[in-house]
Amino acid sequence: MKTLFTFLWLFCFIPLAIVVQGFVPGVDVLVVALIILLQEKEYVFSAWVMLLFVLLQEGMGTLAFGGAVLWYGGLFLLFFCGKIFFEARNVFFLLLFSIVLGIMHVLLLLMLAPLQNLTLNVPTLLHEAFMQALCILLLWFPMVWLRRRMLRYANAA
Amino acid sequence: MKIRRILFIVGGALFLFLGMYTWNQRTQVLDGMAANVGLEAVGSVFTLVRKGEDFFAGIWNSYVNLIHVNRENEALKNRVADLESLLAREEENRAEITRLRTLLDLPTTTDWTPIAARVLTGRMGPNSVLESIIVNRGYLTGAIPGTPMLTQQGLVGRILRSGPRTATGLLLTDPGSRIAVRGQKSRISGIFTGRGAHYDPEVRFVDPSPDLHEGEILVTSGLDGIYPRGIPVARVVEAVITDHSRFMQIVAKPLVDARQVEELLLLEHVGALPLHVRQPMQSPHEEVKPPLSDFSPVAP
């Protein structure tokens, strides 16, 4: 039941997140769904969703294939490392995690751009990192609230 | 023991990643797959969004916002009459040029067919480093990589990567963009180079000349083999002869602000046949436009 609900939730979330991404250049909005799934310990499901997100991000991006793989791979790694020290559903953990993801965005692009002879605009990159951290924080709360509420209705039904 | 296992797994994953990355750089298989699946999915979502926008805008414009429509209609009718007379004059000039070329036995230049396309969105996602846009045309509908993109004001860029019906276009402001240009009046050549969204592009490798002035329009020279010659690109805003370089220092502002573009034309390459022999490529759902063999610079 929960898996079916998660499918439906993702089916609604993904198009909306793609539209929002169109308004915030350089920011990954899809990542919020992945964080929520990891916090709910849906690890196998998260891995499949990650593959879909990799295809979407690589498709809409302009770098050679590999950036999104590192981005989501790093997210998984950081999440499991962070889980050793913090409670994954804690707000403080989320705050730290979003900041670390913002920093990771900068580091990844600084690493990948020279491989393809690309010039990066560092102020734009820092702005994107800030927006990435802010976006995770701002979207996580309403998404979790909405998901829990809908799940409660689904269970009751 | 546990730490060693973790290090082994991380090292293995990095090794696999590097293998995948280099293999893809050589074969482009994964890039193609991402364009066919990811870019296409994004294009489908934004096509639906734009259709919804059009629907509500249509309701608003057709039934609600009718104030001043009559007055605007009259003004537009007058404008159409003016443009028709101008077009008739230009048609005469064009016919004359064709006659003279035939007389001189000049080879007919490679021809291009314009295809209308819609901008779905700007650059998006954490991997979109380049200055780019996403358009609703793909390799099945005329947007193969390298296809020039332009508006009636001038050049916008070229197609970088294509899915079946969606493509990513590289803007001329991107630092990786290079276009062979020439001054419209001075005929001096150079390489138009983007410097990112926040800075005006520069024109490199221009020999010092007093003939190139601020305000001159730069057009494509066609020497790069990507863009047809004669498309307006930018206006020179700074042209300085310096002592410390053997080339001029030129800054130019693009004629088209790519952030404001909603629709554009893609120039599909249709071969080098003479105008009177070639038939325009036609899709059953598309309006056929006459092929463009020359580009008359449009005054901004």
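Below are my entries, beginning with the ground rules.

**Ground rules.** This is a predicted model, where local features need pLDDT of at least 70, side-chain atom pairs count only at pLDDT 80 or more, and totals for chains, interfaces and linings use all residues. Residues are numbered from 1 along each chain as its sequence is written, chains are lettered from A and ligands numbered from 1 in the order in which they are written, and side-chain values use heavy atoms, with hydrogens and water left out.

**Domains.** I looked up how chain B is divided, and the assignment (automatic or from a database) lists domain 1 (2-64), domain 2 (75-108) and domain 3 (112-271). Between the C-alpha centres of domain 1 of chain B and domain 2 of chain B I noted 45 Å.

**Salt bridges.** How many salt bridges are there over all chains? The search of the whole structure gave me 10. To count, a side-chain nitrogen of Lys or Arg must be within 4 Å of a carboxyl oxygen of Asp or Glu.

**Pair one.** B:Arg50 and B:Glu53 form a salt bridge, 2.9 Å from N to O. Both are in helix H2 (residues 29-64) of chain B, three residues apart, or about one turn of the helix. I use DSSP runs here: a helix is H or I with at least four residues, a strand is E with at least two, numbered from the N terminus. Is B:Arg50 buried or exposed? I wrote down buried, because its relative accessible area is 16% and the limit for buried is under 20% (exposed is over 50%, partly exposed in between, with a 1.4 Å probe and protein chains only). B:Glu53 is partly exposed at 38%.

**Pair two.** B:Glu202 and B:Arg204 meet in a salt bridge at 2.8 Å, N to O. B:Arg204 is partly exposed, at 31% relative accessibility.

B:Arg246 and B:Asp207 form a salt bridge, with their closest N and O atoms 3.8 Å apart. This pair links distant parts of the chain, 39 residues apart: B:Arg246 is in the loop between strands S10 (232-240) and S11 (249-254) of chain B, and B:Asp207 is in the loop between strands S8 (202-204) and S9 (217-220) of chain B. B:Arg246 is exposed at 59%, while B:Asp207 is partly exposed at 44%.

**Helix H3.** My last stop was B:Glu92, which is in helix H3 (residues 69-104) of chain B. I logged B:Glu92 as exposed because its relative accessible area is 52%.
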